[in-house]
Amino acid sequence: MKIIIKYKQLFLFKLFLSLLPYFFISILIMNALGYRYSEIMIISAMTQIIGVILNLPLGIYAEQKNRKKVLLLNNILSIIAFTLFLFEKFYLAILAAVILGISEALSSGVMQTFSYEQFPDDVTYRKYLEGSSSIQYLAISVMTIITPAILHFNRFLPIIISVAFIVFSTIFLCFIKLEKREEKQEEKITINIRTLRKGLKVSSKLNLFILLGITVTTLIMSVNSWSSILLKYHYFPLKYLGLVLFTFNVCMTLSQVFRVTNVEF
C-alpha cells in the first residue's frame with residue numbers, strides 16, 4: 001500500500017481509465033441510444049478496423065514522442081468521441097468510433113512504457129504491479145456489476161460518467177512528474193521497434209501470429225459485448241446482467257493476475 005500511495009498520481013490516472021462504463025456495455029449503450037443492430041455492428045467494427053490498421057504506425061510514432069503528451073492527446077480524443085455519442089446521430093457515432101480507434105492505436109504500448117519509466121528499477125515496478133493490480137481488478141469488478149444498473153437509470157449516464165472519469169484521469173496525469181530512465185531503456189525500445197519492423201518484413205509466421213492474436217482478441221471482446229444484448233433480447237433484467245458480465249471479467253482478471261505475477265523484465 002505504501003508504494004501505491006507514493007505513486008498515487010500514476011495509480012489514479014490508470015484506475016479511472018480502466019473504469020469507463022462505456023467499454024463494459026458499449027453495445028447495450030448504443031442500443032439504448034436507439035441505433036439498429038446493423039448500425040451498432042458498423043460502429044463497433046469501425047473502431048476495431050481503425051485500431052488494427054493504425055496500431056503499428058501510430059504505436060511506433062507514439063514511442064518516439066513525449067509519452068505524457070501522447071497520453072494527454074489520447075484522453076482528449078476519447079472525451080471528444082464520447083461527447084459525440086450524446087448527440088444520438090449515426091454519422092456522429094461513426095466519427096466517434098473512428099476517433100476511438102485512433103485513440104486506441106495511439107496509446108497502444110505507450111501506457112505500459114510510460115508507467116514503467118516512472119520507477120527507478122524493475123523491483124520497485126514489480127512491487128507496484130503486485131500491489132495495484134488487486135485493487136484495480138476489484139474496482140473493475142464492482143463497476144462491472146453496477147454499470148448495467150446505471151444504464152437502466154439513464155441511457156446517457158454511462159457516457160457522462162465515462163467522460164468524467166477521463167477528466168479525472170487527465171488531471172492526475174498532469175501531476176505526474178516525468179522520470180528519466182536509464183539510456184539502456186531507450187535503447188531497448190529502439191531495438192524492439194527495429195526488430196519488429198524487420199520481423200514484419202521477413203517473417204510470415206510473425207505476421208500470422210499477430211493476425212491470429214488480433215482475431216482472437218476481437219472475438220473475445222465481441223462475445224463479451226454481444227452476449228449482453230442477446231440476454232437483454234431474451235428479457236434478462238439489466239440489474240442482473242452485471243453479475244453475468246462480472247463472471248466473464250473475473251475469468252479475464254484471473255488470467256491477467258497470473259500474467260502480472262509471472263511477468264519478466
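I looked up helices α2 and α10 and found them roughly antiparallel to each other, as their angle is therefore classed (over 145 degrees counts as roughly antiparallel, under 35 as roughly parallel). Helix α2 (residues 8-18) and helix α10 (residues 157-174) pack at an angle of about 160°, with axes 8 Å apart, and their crossing is left-handed.

I noted that this is a predicted model, in which local features need pLDDT of at least 70 and side-chain atom pairs count only at pLDDT 80 or more, while totals for chains, interfaces and linings use all residues. Residues are numbered from 1 along each chain as its sequence is written, and side-chain values use heavy atoms, with hydrogens and water left out.

I then turned to helix α5 (residues 37-63) and helix α7 (residues 90-107), which pack at about 30° with their axes 6 Å apart; α5 and α7 are therefore roughly parallel to each other. The residues of this contact divide into 17 nonpolar, 5 polar and 2 charged.

Last, I went through helix α6 (residues 67-85), whose 19 residues reach 27 Å from the first C-alpha to the last, close to the 27 Å expected at 1.5 Å a residue (the expected span being 1.5 Å times one less than the number of residues). At the start of α6, I found a side-chain oxygen of Asn66 within 3.0 Å of the backbone nitrogen of Lys68. Among the residues of α6 that I list as buried are Arg67, Lys68, Val70, Leu71, Asn74 and Asn75, and also Phe82, Leu84 and Phe85 (buried means under 20% relative accessible area, with a 1.4 Å probe and protein chains only).

Conventions: Helix = DSSP H or I, 4+ residues; strand = E, 2+ residues; numbered from the N terminus. Buried < 20%, exposed > 50% of the residue type's maximum accessible area, 1.4 Å probe, protein only. Polar contact = N/O pair within 3.5 Å; in protein donor to acceptor, adjacent residues only side chain to side chain. Axes fitted to C-alpha atoms, helices over the stretch in contact; angles between N-to-C directions. Parallel < 35°, antiparallel > 145°, perpendicular 65-115°, else oblique. Nonpolar A, V, L, I, M, F, W, Y, C, P; charged D, E, K, R; others polar. Left-handed = near helix turned anticlockwise from the far one by under 90°.
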